[in-house]
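This report looks at a few local features of one protein model. Keep the sequence and the structure in view while reading.

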Amino acid sequence: MRHWGLSRALEQRREEELYRERMLVDSPQGPEVVVDGDALLAFCSNDYLGLANHSRVVAAFQQGLDRYGAGAGASHLVSGHQRPHHELELALAEFTGRERALLFSSGYQANLGIITALLGPKDRIFQDRLNHASLLDGGRLSGARFRRYAHNSPAALEKLLQRAGGERQLVASDAVFSMDGDIARLPELAQLCTEYNACLLVDDAHGFGVLGKTGAGSLQHYGLDKDEVPLLMGTLSKALGVMGAFVAGSETLIETLIQSARSYIYTTAIPPALAIAALESLRVLHDEPHIRENLKANIALFRGSAYSLGLNLAASQTAIQPLILGDAEKSQAWSAALRRQGLLVPAIRPPTVPSGSARLRIALSASHSSAQIQRLLVALATVRDELG
């Protein structure tokens, strides 16, 4: 591989402040973590409700390990589909108001599995320009005619639908956009799909467990039903604090995916102990609604105080609060300055976000105290005054 130019390509990424490096975490998820030997206050986890280290969830996981061992041992269609998987699928279907649910090992695999199982070269897929990479990759791999519309713009989507034609038409969108934190205009997307005979796929990775009256997600937040949104994907690794993902929909849809979704058929099932832990997370979500209320209060506190300080946050009402800084070097400098003050807020740079929109992706949790949020705000104001 000496002649492939890999070393030069890596060096160029370093020069452009785009080089990615892993941090070594030596503590459970939570507001306070140990990273590379340093005790830091973290604002970067997707553990929005603090369930990854919740005592009930951890205890359920331990009990599952004692009963079922560490791994599933095989794919669902061989011998890996165990009773905890089945019970979790039933619970997720009931919680989301769908006929069936199907577990996947990750949200990435779920989106690839849905799109590639349902679409082919004679079909069309339309996606928001800022969709998650898993939706975009699924669209490309499906072989369908692939068009992207301007971010969160139903009007732009309608123009594409007016000119389209295919055996099947699928519109796919994040519900909560992972790097911007804004919520998709799902009622308008659903209406357009009805008008133009398209099917709507919603990726609710960052809304499930958080939004809606009971935490059932973005569809509950908007009051949308299974007919308006036939394809729902959610993850267990964000608000529920565990691992894996699911697709919820009709009996026919789920059976089709079992037969045809390659990322389901050819992947080992998640450990049954994790399914037991996810079931307990759903119970905690039901039993402790104050957790979601804590998160709402933290979001309001942060946004109100940031506005008073003149910090230019993106227009997000969710736990994802981006501070757009522009170029990669500046975002790296801000992140480094915050770390010197004992805070962990990583910089997000291209290609994860569009060129010119490098940012700090501040992620809030129900577990953060008001004092910790005030500490972050003071640090951000200090860095702004120092670096501009």
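This is a predicted model: local features need pLDDT of at least 70, side-chain atom pairs count only at pLDDT 80 or more; totals for chains, interfaces and linings use all residues.

Two elements give two or more residues each to the positive patch, namely strand β5, residues 145-149, and helix α7, residues 154-163.

Is Lys159 buried or exposed? Its relative accessibility is 53%. Exposed means over 50%, so Lys159 counts as exposed.

## Aromatic pairs

How many aromatic pairs does the count come to? The count is three. A pair of aromatic rings is described by two values, the distance of the centres and the angle of the planes.

One of the pairs is formed by Phe208 and Phe246. Their ring centres are 5.0 Å apart and their planes are at 65° to each other, an arrangement that is edge-to-face. Phe208 lies in the loop between β7 (199-203) and α9 (218-222), while Phe246 lies in strand β9 (residues 245-249), so the pair ties together parts that are 38 residues apart in sequence. Both Phe208 and Phe246 are buried. Ring pairs also bring in Phe95: Phe95, Phe208 and Phe246 are linked into a cluster.

## A cis peptide bond

The peptide bond that joins Pro350 and Pro351 is cis, with an omega of about 5°. Where is Pro351 found? Pro351 sits in the loop between β12 (347-348) and β13 (358-363).

## Positive phi angles

Asp36 is not a glycine, yet its phi is positive, at about 50°. Asp36 is found in the loop between β1 (32-35) and β2 (38-42). The relative accessibility of Asp36 is 44%, and therefore Asp36 counts as partly exposed.

Asn197 is not a glycine either, and its phi is positive at about 55°. The place of Asn197 is in the loop between α8 (186-195) and β7. Why does Asn197 count as exposed? The reason is its relative accessibility of 70%, since the cut-off for exposed is over 50%.

Definitions and conventions
Residues are numbered from 1 along each chain as its sequence is written. Side-chain values use heavy atoms; hydrogens and water are left out. Helices (H or I, at least four residues) and strands (E, at least two) are DSSP runs, numbered from the N terminus. Buried means under 20% relative accessible area, exposed over 50%, partly exposed in between (1.4 Å probe, protein chains only). Rings of Phe, Tyr and Trp (its six-membered ring) pair if their centres lie within 6.5 Å; planes under 30 degrees apart count as stacked, over 60 as edge-to-face and the rest as tilted.
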